Amino acid sequence: MPEFRNQTISYLTSKFREIGIRPVSKHGQNFLIDMNLLDLLVRSADIQKDDVILEIGTGTGTLSTRMADQAGYLVTVEIDPHMATFATEELDPFENVVLLNYDALRNKNNFRPEMIETIKEKMAEIGTDHFKLAANLPYNVATPIISNLLRTEITPKSMTVTIQKELAERIIATPGTKDYSALSVWIQSQCRCELVRILPPSVFWPAPKVHSAILHIEVEPERRAAIPDLEFFHEFNRSLFFHRRKFLRSVLQSSFKGKLDKAEVDQVMEQGGLDPSARAENFTVDEILAMTELFRHKLAEKDA
């Protein structure tokens with residue numbers, strides 16, 4: 001195993017001073033300085049030689065080099081040109097790395113097409129049908145990255161990420177809790193989630209004001225394939241939680257306004273044995289999936 005550089009505060013401050021740059025808060029630049037935790041993230045991702053790894057937020061390239069050494073190919077994306085230049089020096093010895101210097105997101109709901117195409121190209125190059133996300137994600141884009149990777153034409157086999165503890169708690173939340181949300185349902189409907197470790201602010205530089213977490217998300221192909229219309233489910237699920245404190249009947253009437261009248265909504269609710277005065281946060285993932293199908297079939301029946 002090659003010798004990897006330790007990303008210490010003294011090294012970073014010295015290197016940044018030498019180059020004439022400083023961490024940019026708007027890019028979520030908080031660098032993990034505990035190498036044991038960095039190695040834990042890599043181990044949790046279970047990187048193999050037939051894996052294409054996607055990293056968003058290359059930073060200084062410290063995590064990148066560890067993953068490149070184990071992966072078939074690493075596609076790493078960095079928005080900051082100064083950081084991309086910094087990381088290029090670290091990654092230069094690796095022939096199985098492509099560093100993309102742009103925003104991974106085209107907008108809040110879509111990835112940059114060039115990034116997806118690069119992943120597909122590298123998958124074809126090493127003859128694999130899957131890829132994994134493994135990254136110390138910038139906090140400000142963590143939610144759209146995790147959520148939207150499950151909506152792309154290629155599906156990650158797993159996602160192992162360092163994110164805000166609060167976001168990790170929302171993803172793994174259970175029905176009836178304050179953190180249970182559309183995001184919880186969307187991810188749990190298709191994946192198994194494991195909270196690997198809670199991280200205090202002191203293991204980062206600069207130290208964030210919140211705790212973080214390493215979260216491992218394993219996509220379960222059978223559960224994902226059992227959802228007949230992923231895009232319909234995604235939109236239906238979001239609409240359910242848009243006004244989470246409203247009663248279910250009111251939420252559903254609002255969601256299907258112009259598509260189903262009140263009597264038709266009531267008919268579907270009665271058919272499914274749904275309590276009009278219940279709230280979305282009280283339904284399990286499987287119950288929401290079943291509810292989705294009731295309304296999807298009703299719309300299809302009406303359009304027939």
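**Reading a site and a helix pair**

Author: Let's start with Leu32, which sits in strand β1. Keep in mind that this is a predicted model.

Reader: Okay, is Leu32 buried or exposed?

Author: Look at relative accessible area: anything under 20% counts as buried. Leu32 comes out at 1%, so it is buried. Leaving out residues up to four places away in sequence, Leu32 touches Gln7, Leu37, Leu38, Asn136, Leu199, Val203 and Phe204.

Reader: Which residues does the UniProt "binding site" annotation cover?

Author: That record, an unreviewed entry, lists Asn30, Leu32, Gly57, Glu78, Asp103 and Asn136.

Reader: Where is Asn30, then?

Author: Asn30 is in the loop between α1 (9-19) and β1 (31-32). With the cut-off at 20%, Asn30 counts as buried because its relative accessibility is 18%. Beyond four places in sequence, Asn30 has contacts with Asn136, Phe204, Trp205, Pro206, Ala207 and Pro208.

Reader: Now a helix pair. At what angle do the axes of α11 and α12 cross?

Author: The idea is to compare N-to-C directions. Here, α11 (residues 248-255) and α12 (residues 262-272) have axes that come within 10 Å and cross at roughly 125°. That falls between 115 and 145 degrees, so the two helices are oblique to each other. The crossing is right-handed.

Reader: Which residues of α11 and α12 meet?

Author: From α11 you have Leu248, Arg249, Leu252 and Gln253, meeting Lys262, Val265, Asp266 and Met269 of α12. Sorted by class, that contact has 4 nonpolar, 1 polar and 3 charged residues.

Key: Residues are numbered from 1 along each chain as its sequence is written. This is a predicted model: local features need pLDDT of at least 70, side-chain atom pairs count only at pLDDT 80 or more; totals for chains, interfaces and linings use all residues. Side-chain values use heavy atoms; hydrogens and water are left out. UniProt positions are given in the numbering used here, feature names are shortened, and annotations may be inferred rather than shown by experiment. Helices (H or I, at least four residues) and strands (E, at least two) are DSSP runs, numbered from the N terminus. Buried means under 20% relative accessible area, exposed over 50%, partly exposed in between (1.4 Å probe, protein chains only). Contact means heavy atoms within 4.5 Å. Axes are lines fitted to C-alpha atoms, for helices over the stretch in contact, and angles run from 0 to 180 degrees between N-to-C directions. Angles under 35 degrees count as roughly parallel, over 145 as roughly antiparallel, 65 to 115 as roughly perpendicular and the rest as oblique. A crossing is left-handed if the near helix is turned anticlockwise from the far one by less than a right angle, and right-handed if clockwise. Ala, Val, Leu, Ile, Met, Phe, Trp, Tyr, Cys and Pro count as nonpolar, Asp, Glu, Lys and Arg as charged, and the others, Gly among them, as polar.
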